Amino acid sequence: MGASQLMQAQIAISERVSPALVRDQWKGCVSVLVPVYNEAAHVDELLKAIQASPVRKEIILVDDGSTDGTREKLQALAPTPDITVVFHEKNCGKGAAIRTGLAYARGEYVLIQDSDLEYDPQDYAALLKPLQEHKANVVYGVRPDRPERGWRFFLGAKLLTHLTNVLYGAGIHDEATCYKVFRRSLISRVQLSCHRFEFCPEVTAKLCRMGEKIAEVPISYSPRSAVEGKKIRHSDGWLAIWTLLRYRFIPKRNWMTSTEAASEAPFPVSFLRMAAK
């Protein structure tokens, strides 16, 4: 049995026990999706930081074809009731890892967490508050408005935010932020096609086209340089611009479903260990 089939079988068994009980079990829980690629030096510290965040959560680690020992570290993790570990067969990109993670998410909310220690999981509670208070269905974490991450990244992010506001009337301040939080019932209605860093403009464009108002919360931020392992490239910036432009005009019927769609892992998975909840 393949990893995707195993996941579907495990979920089916739990739902046969009591669908209502399963829904109640995950109500108020946030599924933290963590794309991981070649982060052997940081993954232990990252996992501890996520686990220390003061919110009810499940953690879904998607290793995207790491070659530096990250996989071995993740495979050696002791089974725990709140961590799902998934391995892509090969490197597919951050967007691909998020799409795979969504297939395994069971929480009421979904939060994206980068693996590079730039973002602080202690911000989870503030990010979730607008959702819990039913003030929004989508929340973005806004980084400090300082060029501390380097002028190239700073100005590039400014350009993408400005373009988003011009094209979609979003009225937001940080389109490229990693910290994006959604109601799972909403994000499950969006058919994603991203593979790399174009996840951010794609999901932003599509949610704006659906009429969703994006709430914003200030967050802390400790930028990492390319020398320290930052993986975004110049070509990703051009792809982000193209993504914002093209989804302004593609009909919604091409990428949106009217109801929450059942999903399965969209990319080949070579290893899977589900959380025990």
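Colleague: Which residue in β6 does valine 110 stand opposite?

Modeller: Keep in mind that this is a predicted model, where local features need pLDDT of at least 70, side-chain atom pairs count only at pLDDT 80 or more, and totals for chains, interfaces and linings use all residues. Residues are numbered from 1 along each chain as its sequence is written, and side-chain values use heavy atoms, with hydrogens and water left out. Strands here are DSSP runs of E, at least two residues, numbered from the N terminus. β4 (residues 109-112) pairs with β6 in the antiparallel sense over 3 bridges (pairing takes at least two DSSP bridges), and the residue opposite valine 110 is phenylalanine 182.

Colleague: And which residue of β6 does tyrosine 140 stand opposite?

Modeller: Strand β5 (residues 138-142) runs antiparallel to β6, joined to it by 3 bridges. Opposite tyrosine 140 stands lysine 180.

Colleague: How far from cysteine 178 is the nearest cysteine sulfur?

Modeller: A search of the whole structure finds 0 disulfides (pairs of cysteine sulfur atoms within 2.5 Å). Cysteine 178 is in no disulfide, and the nearest cysteine sulfur belongs to cysteine 200, at 7.3 Å.

Colleague: What is the relative accessibility of cysteine 178?

Modeller: Cysteine 200 is buried, with a relative accessible area of 8%. Cysteine 178 counts as buried too, at 2%.

Methods
Helix = DSSP H or I, 4+ residues; strand = E, 2+ residues; numbered from the N terminus. Buried < 20%, exposed > 50% of the residue type's maximum accessible area, 1.4 Å probe, protein only.
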